[in-house]
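What can be read from the fold and the charged side chains of this chain? The paragraphs below go through them in turn.

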Amino acid sequence: MKDKFLGIERWTTGVSMVAACLMLVIASALGVFQIVTRFVLEQPAEWSEILIRVSLIWMVFLGIPMAFRQGAMVSVDVLYRWSSPRLRRVLDAVVALAALALMLVILWWGWDYAMRGRVQSMAGLESLSMVWAYLALPVGSVFCLFGIAGNFLDPKRLELETAQ
């Protein structure tokens, strides 16, 4: 059961990371496009700025699950290093529960915010609803739930291994 869940988690985290990388590519390409249209062609494209912003928001929320999975989120390393193996597992559980609670709050309120944003339109892209920008919160949270659970079941502490 644990191996099946970790397989699903590996797949979901991989999908979110590929999507986050794609969002970075989109933001970069639109940034170059915006520079060319503004300074070379002297015809700025207003719509590209909002799409850059939205793609960066999506990139962050889709990249967070990998950080959770690798144990690279902000932590207090000193307490963990000074603890016994048994206390470390308790700390892992407390951190995982706190992170899960935070992601559930973001999921709940992010979904609510996205549904309220259906009636808003993006400045410069009036044909697109703001729901597409706000959906980054609940979608990223769902991916994070898998990453948090995966890190609890199969801990990785990459930041501790490379710390000075």
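The 14 positive and 12 negative charges of the chain have mean positions that lie 10 Å apart. The model that shows this is predicted.

Some of these charges pair up: the whole structure holds 5 salt bridges. One of them joins the side chains of Arg53 and Glu49, at 3.0 Å from N to O. Both residues sit in helix 2 (residues 46–69), and because they are 4 residues apart there, about one helical turn separates them. Arg53 is partly exposed, with a relative accessible area of 44%, and Glu49 is partly exposed as well, at 40%.

Helix 4 (residues 85–116) contains Arg89 and Asp92, 3 residues apart, or about one turn of the helix. Their side chains form a salt bridge at 3.5 Å, N to O. Arg89 is partly exposed at 35% relative accessible area, whereas Asp92 counts as buried: its relative accessibility is 14%, under the 20% cut-off.

Asp112 and Arg116 also lie in helix 4, 4 residues apart, and their side chains meet in a salt bridge at 3.0 Å, N to O. Here Asp112 is partly exposed at 25% relative accessibility, while Arg116 is exposed at 58%. A network of salt bridges links Glu9, Arg69 and Asp154.

The chain as a whole has 7 helices and 2 strands, in the order α-α-α-α-β-β-α-α-α from the N terminus. The C-alpha trace spans about 65 × 35 × 30 Å along its principal axes, and 34% of the residues count as buried.

Methods:
Residues are numbered from 1 along each chain as its sequence is written. This is a predicted model: local features need pLDDT of at least 70, side-chain atom pairs count only at pLDDT 80 or more; totals for chains, interfaces and linings use all residues. Side-chain values use heavy atoms; hydrogens and water are left out. Buried means under 20% relative accessible area, exposed over 50%, partly exposed in between (1.4 Å probe, protein chains only). Lys and Arg count as positive and Asp and Glu as negative; His and the chain ends are not counted. The place of a charge is taken as NZ of Lys, CZ of Arg, CG of Asp or CD of Glu. A salt bridge is a side-chain nitrogen of Lys or Arg within 4 Å of a carboxyl oxygen of Asp or Glu.
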